[in-house]
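Welcome, and thanks for taking a look at this one with me. Please have the sequence and the 3D view open side by side while you read.

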Amino acid sequence: MEALAKFRDKYDLNFPLAGDTSHKLLEKYGVWQEKNLYGVKKMGIVRTTYLLDAEGKVTHAFPKVKVDGHAREVLKALKA
């Protein structure tokens, strides 16, 4: 949680960041997965963006996010 607070402060974010040290929510959303980096397998978060409506229902999911073009893709979905 301390790392999230540092990230929030570093980028002067004006919204809360949620942490899940138990991985329960991460597992529910299917983003806590085995990752393979240079032949080393370990569990980690697969970068994913979810858009939620006012009732908390997922309206869009963007799995395995790549930074380039992602903001544009999300804005397009928000405008749809």
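The points below go from the overall layout to the details.

1. A word on the source before anything else: this is a predicted model. The numbering starts from 1 along the chain, as the sequence is written.

2. Let's begin with the whole chain. The protein chain has three helices and four strands, and from the N terminus on they come in the order α-α-β-β-β-β-α. Along its principal axes, the C-alpha trace spans about 40 × 25 × 25 Å.

3. Next, the surface. Of the 80 residues, 12% count as buried. The chain exposes about 7100 Å², and carbon and sulfur atoms supply 56% of that area. Among contacts with a separation of 6 or more, 6% are between residues 24 or more positions apart.

4. Which of its residues are buried? They are His70, Val74 and Ala77. These residues cover an arc of only 60° around the axis, which puts them on the same side of α3.

5. The face of α3 turned away from its buried side carries Ala71, Arg72, Lys76 and Lys79, which are exposed. The buried residues, in contrast, pack against β3 (49-52) and β4 (58-62).

6. Those two strands deserve a look of their own. β3 and β4 pair in the antiparallel sense, over four bridges.

7. Five residues make it up: Leu51, Phe62, Val65, Val74 and Ala77. Val74 and Ala77 are also among the buried residues of α3. What does Leu51 touch, leaving out residues up to four places away in sequence? Its contacts are Lys57, Val58, Thr59, His60, Phe62, Val74, Ala77 and Leu78.

8. Aromatic rings are worth checking too, and the count comes to two aromatic pairs. In one of them, the rings of Phe7 and Tyr11 have centres 4.9 Å apart and planes at 50°, so the pair is tilted. Phe7 is partly exposed, with a relative accessible area of 44%, and Tyr11 is likewise partly exposed, at 46%.

9. The other pair joins Tyr29 and Tyr50: the ring centres are 4.7 Å apart and the planes stand at 55°, so this pair is tilted as well. Tyr29 lies in the loop between α2 (24-28) and β1 (32-37), while Tyr50 is in strand β3, so the pair ties together parts that are 21 residues apart in sequence. Tyr29 is partly exposed, with a relative accessible area of 32%. Tyr50 also counts as partly exposed, at 28% relative accessibility.

10. Finally, a stop in helix α1 (residues 2-10), where you will find Ala3. Is Ala3 buried or exposed? At 58% relative accessibility, Ala3 counts as exposed. Its C-alpha atom is separated by 20 Å from that of Lys42, a residue 39 residues apart from Ala3 along the chain.

Conventions: Predicted model: local features only at pLDDT ≥ 70, side-chain atom pairs only at ≥ 80, totals over all residues. Heavy atoms only, no water. Buried < 20%, exposed > 50% of the residue type's maximum accessible area, 1.4 Å probe, protein only. Arc of directions from axis to C-beta. Contact = heavy atoms within 4.5 Å. Core = buried A, V, L, I, M, F, W, Y, C linked by side-chain atoms within 4.5 Å. Phe/Tyr/Trp six-rings, centres within 6.5 Å; stacked < 30°, edge-to-face > 60°. Pairing = 2+ DSSP bridges. Areas by Shrake-Rupley, 256 points an atom, 1.4 Å probe, with all protein chains shown as cover.
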